[in-house]
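I opened the notebook to look up how the chains meet and what a few residues do. My entries follow.

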2 protein chains.
Amino acid sequence: MAEENTAPAAGAAAPTEPSKNALKKAQKEKEKAEKKAAAKARELAERQKKDAADAEDVSKENYGELPLTGSKDFKPTNTPRVDLATIADHVDKEITFRCWVENARSQSAKLAFLNLRQGLNTVQAVVAASAGLSKQMVKFCGTVSTESTLVVTGLAKKAPEPIKSATIQDFEIHIQKLFVEKAAEVPLPLQVEDADRPLPTEGEEDKVAEGDARPLVSLNTRLNNRTIDLRAKINHSIFVIKYGVEKLFTEFLDKQGFIGVKTPKIIGAASEGGANVFELKYFDRPAYLAQSPQFYKQMLITARFPKVMEVGPVFRAENSNTARHLTEFTGLDLEMEFQEHYHEVMRVLEDLMLYIFQELNARYKKETDLVRSVYKVDDFKLPESGKVPRIPFPEGIKMLREDGQFPEVGEYDDLTTPQEKRLGALVLEKYGSDFYVLDQFPLAVRPAYTMPSPENPKLSNSYDLFMRGQEICSGAQRIHDAELLAKMMREHDPPIDPNAPGTKEYVDSFRYGAPPHGGGGFGLERIVQFWLGLPNIRMTSLFPRDPQRVAP
Amino acid sequence: MAEENTAPAAGAAAPTEPSKNALKKAQKEKEKAEKKAAAKARELAERQKKDAADAEDVSKENYGELPLTGSKDFKPTNTPRVDLATIADHVDKEITFRCWVENARSQSAKLAFLNLRQGLNTVQAVVAASAGLSKQMVKFCGTVSTESTLVVTGLAKKAPEPIKSATIQDFEIHIQKLFVEKAAEVPLPLQVEDADRPLPTEGEEDKVAEGDARPLVSLNTRLNNRTIDLRAKINHSIFVIKYGVEKLFTEFLDKQGFIGVKTPKIIGAASEGGANVFELKYFDRPAYLAQSPQFYKQMLITARFPKVMEVGPVFRAENSNTARHLTEFTGLDLEMEFQEHYHEVMRVLEDLMLYIFQELNARYKKETDLVRSVYKVDDFKLPESGKVPRIPFPEGIKMLREDGQFPEVGEYDDLTTPQEKRLGALVLEKYGSDFYVLDQFPLAVRPAYTMPSPENPKLSNSYDLFMRGQEICSGAQRIHDAELLAKMMREHDPPIDPNAPGTKEYVDSFRYGAPPHGGGGFGLERIVQFWLGLPNIRMTSLFPRDPQRVAP
């Protein structure tokens with residue numbers, strides 16, 4: 001069965017070396033031949049013994065290793081497969097399902113237990129020798145390697161008492177057939193149960209956590225074995241939630257009349273300042289990876305698409321190894337016309353996030369609770385009034401100064417990460433909300449295309465959205481007049497040449513009638529990180545990229 | 001008003017040149033000064049005249065140029081804005097709306113007409129001088145530049161007879177106020193109405209189409225002025241449909257339990273053979289742009305995500321300038337476990353496409369009809385039975401041979417584009433369907449990770465999906481056994497090293513229990529192109545990328 005499956009990895013013989021002592025070599029070869037013959041004899045004896053045992057194995061048709069599905073030896077059975085989430089509908093009935101092995105253990109020659117997993121569900125299965133079920137089968141079941149993929153047939157039974165080691169506690173499986181569809185090699189490079197335990201705190205990678213038998217596994221080891229790591233329940237939950245955020249983002253905006261767009265990720269010129277941009281070889285010339293869809297989404301506004309959104313990769317060649325930076329992440333972008341005030345856009349952003357939070361609580365509570373429980377993270381607090389705190393930047397500065405921890409913070413300075421976090425704590429205290437908006441940022445700390453504030457020329461019609469004191473979205477009203485835009489670019493620090501290739505097309509797009517507009521760009525991974533309270537953003541990327549890591 | 005708006009583009013004086021003839025220069029300067037004085041006098045006279053006119057302009061508060069919205073001179077009016085699609089609900093009422101100018105023309109000193117556009121809708125507006133509406137205002141309205149953005153207030157009136165030049169034929173607007181929110185510069189680099197006419201046939205770029213006054217505009221000129229080009233109704237329709245296809249793709253698969261994933265676009269090694277891959281500088285080492293999410297989506301299957309989908313950019317450094325290749329396009333990818341037969345996957349792909357076609361017809365009929373009418377394209381035919389023709393590759397070859405146009409086509413050769421197109425025509429004739437599946441491709445023409453066919457080792461468990469005789473999706477059962485996979489890679493033409501960085505992680509991921517699985521990858525732009533019958537795939541990308549083009 002499944003011959004391809006057991007073929008040696010590389011059968012080529014090692015190249016011969018020039019002999020120094022022909023006699024010694026001959027002697028060695030003789031010993032080798034003898035050993036080989038002995039091994040062959042042993043193998044034959046074992047096979048005969050096994051054949052004899054098989055002869056009396058009443059269960060031999062009911063267990064074993066399947067041939068590779070879809071290959072010439074494989075015969076489909078056309079048996080319907082059951083989702084274990086529906087097990088309550090099948091009590092006392094025979095069910096067949098695919099699953100994988102969390103662990104298997106022989107209790108005795110006649111009894112074995114397995115923990116079987118399917119998605120986020122685990123169930124206990126028992127196999128007991130009887131007149132109709134051989135000890136050989138019990139042995140086979142009890143020694144299946146952890147993480148092997150199985151097809152199991154058994155009776156779904158009410159459990160005599162709740163099974164605490166499984167997520168399905170009220171039912172168990174009495175195994176009738178067990179086939180290994182794909183065996184897992186041993187040893188595993190990483191234990192899935194280790195991947196389900198928390199990351200060690202930075203600098204304490206080798207410390208054994210209190211009450212734990214083994215040291216916690218470092219993030220690097222996990223990421224080096226990412227396909228095993230990802231099997232952990234916490235990781236399945238994180239990525240189901242991540243998809244949820246993306247889905248809720250487009251769902252909400254679609255209802256509001258936004259259309260999804262795809263702007264190019266390869267761009268001919270390093271626009272937007274040119275720093276932190278990846279360069280590539282584009283046939284015979286250089287090109288660059290887009291650091292954001294900013295210019296393009298605005299150009300689509302000038303092309304009369306009134307509301308656009310984009311979900312796509314964003315590339316930043318920033319050589320910083322923090323717990324909240326990635327060199328490739330998923331941007332959730334939107335840009336829209338507004339009628340008379342950029343707060344129309346801010347309102348859409350606030351309502352969007354409230355919708356996402358509400359629906360995460362409604363649709364992904366199980367996954368959220370599972371992840372937060374591992375890191376002992378507080379619930380995400382939202383204002384009872386339903387009104388998102390909207391704090392003008394100068395007021396934020398005042399709060400920080402009065403608090404005393406940062407008495408020196410400047411009126412027109414950007415906030416540092418510690419200042420942002422402190423302000424988040426103050427806002428939570430005052431408004432009871434982990435989510436808030438800081439409005440009217442200083443003009444000097446924002447991009448050149450930001451519309452200055454009508455009230456104070458040193459401020460701007462721009463805003464950031466925060467979760468748990470950390471920025472998740474930056475946005476603004478954009479300048480929709482080509483001449484003012486070019487002027488602000490020239491006066492920007494550092495200055496931007498409005499006539500440079502790539503930039504010129506953007507500036508010129510505002511010459512032929514353009515509506516007032518604004519938007520924002522979210523980092524999807526950050527939303528997930530701060531929603532769940534995770535210690536590192538890499539945990540929210542399936543295959544994260546940072547200055548040190550481009551694999552797997 | 002709006003000083004920023006009218007500031008000169010660059011105010012710096014030209015550098016002085018060393019004089020050759022001082023006298024001549026003095027004379028010239030005198031003439032210049034005189035001219036300047038005369039101009040100033042004229043300007044003063046005109047201003048006085050204008051002031052006098054203004055004095056008697058009863059409408060002067062009701063038209064003009066608005067200050068830049070959101071700037072310090074701008075005062076919000078808080079007037080609700082109306083969507084012209086709902087005009088029938090506002091008959092004989094005053095409405096205010098944003099729109100842009102398709103054209104404006106003065107009929108007389110007392111009467112002007114404008115064609116106003118909002119989205120895909122256009123409406124005729126009329127402004128007539130009266131006791132309460134000045135001739136100055138009529139003149140202003142009649143001379144507004146094409147493509148300017150306006151805010152118009154007027155009465156919605158039943159049209160005395162159907163207005164053929166507008167999409168809204170039963171109503172018109174009697175203008176009361178008209179403000180230019182953002183004027184369009186003149187001349188436009190491209191006329192939007194030209195962008196709404198078809199592309200010239202290749203090689204006939206300068207030929208004037210029958211019955212047309214002007215030559216058709218080439219694709220290159222359109223793409224060089226893409227933000228104007230995109231305003232055309234045909235282009236708005238194409239991109240609404242494109243978003244529709246993406247939305248329907250995720251909507252259908254979401255209901256089937258797929259989760260959306262984001263795999264990295266920057267990869268550390270040029271896997272999948274290494275040809276046609278873009279290289280980039282990743283800090284101090286080379287990296288590459290992903291040519292597909294193939295390896296990653298399969299690695300997610302090994303990580304026990306049973307059904308994954310991804311919408312994301314795909315990069316191909318193919319130096320071919322055909323009407324159906326892009327160097328960057330949107331991949332619609334999916335990968336799933338199956339239980340016992342890869343046709344389970346094929347069925348999902350077929351049902352997915354049938355759903356997309358059905359819903360495109362239901363939700364995007366207006367846009368589809370608009371685009372097809374420009375290129376006189378036939379409806380997309382689907383089998384009346386609802387059963388997608390599934391043609392085994394050998395049968396496809398037989399059809400082609402019997403047809404006679406390609407009698408020499410080999411049993412185990414890949415099909416050329418002309419052969420594919422011919423086969424599409426034969427299938428349409430025989431099965432009445434523009435959509436079909438070719439199953440069991442020759443193993444030798446498929447990627448190394450394709451599962452060989454159990455019936456014939458020279459064939460494989462792989463398939464392509466076709467629309468109008470052109471491939472839109474390629475897919476297969478993948479090998480889920482590490483040893484067989486490595487063997488097939490080594491034996492592949494050209495061979496692939498299963499131990500090469502990037503490839504090794506992929507191969508090894510199948511060592512720890514992996515279910516049988518399959519999937520497929522669609523090109524979103526191709527689906528749109530063939531659904532609409534467009535002559536060039538560049539028309540389906542907002543800012544297309546090909547070997548010659550990385551801008552705008």
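**Entry 1: the contact between the chains**

I began with the count of contacts: 110 residues of chain A touch 109 residues of chain B. I note that this is a predicted model. Next I looked up the area buried between chain A and chain B, and it is about 9400 Å². Carbon and sulfur atoms give 59% of that area.

Then I turned to charges and polar pairs. I found 16 salt bridges between chain A and chain B. One of them joins A:Lys262 to B:Glu246, with the closest N and O atoms 3.5 Å apart. Polar contacts link 62 residue pairs between the two chains, counting pairs with both residues at pLDDT 80 or more. Helix H7 of chain A, residues 233–255, gives the largest share of the side that touches chain B: eight residues. I sorted that side of chain A by type and got 54 nonpolar, 26 polar and 30 charged residues.

**Entry 2: the symmetry**

How are the two copies related? I recalled that two copies of a chain are related by a rotation about an axis and a shift along it. Here a rotation of 180° with 0.0 Å of shift superposes chain A on chain B, with an RMSD of 0.2 Å. That is the relation of a two-fold axis. In chain A, the C-alpha nearest the axis belongs to A:Leu280, 1.9 Å from it. Both copies use the same surface, as 99% of the contact residues of chain A recur in chain B.

**Entry 3: a lysine in a loop**

I looked up A:Lys265 in the loop between strands E7 (259–260) and E8 (266–267) of chain A. Is A:Lys265 buried or exposed? Its relative accessibility is 3%, and buried means under 20%, so A:Lys265 counts as buried. Its side chain makes a polar contact of 2.9 Å with the side chain of A:Glu310. Another, of 3.3 Å, joins it to the side chain of A:Thr263. A:Lys265 also touches residues of both chains, including A:Tyr288, A:Phe315, B:Pro313, B:Phe315 and B:Glu328.

Last, I checked helix H13 of chain A, residues 482–491. Seven of its 10 residues are buried, so the helix is largely enclosed by the rest of the structure. Among the buried ones are A:Leu484, A:Leu485, A:Met488 and A:Met489. A:Asp481 caps the N-terminal end of H13(A). One of its side-chain oxygens lies 3.2 Å from the backbone nitrogen of A:Glu483.

Conventions. Residues numbered from 1 in each chain as written. Chains lettered and ligands numbered in written order. Predicted model: local features only at pLDDT ≥ 70, side-chain atom pairs only at ≥ 80, totals over all residues. Heavy atoms only, no water. Buried < 20%, exposed > 50% of the residue type's maximum accessible area, 1.4 Å probe, protein only. Helix = DSSP H or I, 4+ residues; strand = E, 2+ residues; numbered from the N terminus. Polar contact = N/O pair within 3.5 Å; in protein donor to acceptor, adjacent residues only side chain to side chain. Least-squares fit on C-alpha atoms with pLDDT ≥ 70 in both. Contact = heavy atoms within 4.5 Å. Buried area = accessible area lost by both parts, 1.4 Å probe. Salt bridge = Lys/Arg side-chain N within 4 Å of Asp/Glu carboxyl O. Nonpolar A, V, L, I, M, F, W, Y, C, P; charged D, E, K, R; others polar. Lists of a residue's contacts leave out its neighbours within four places in sequence.
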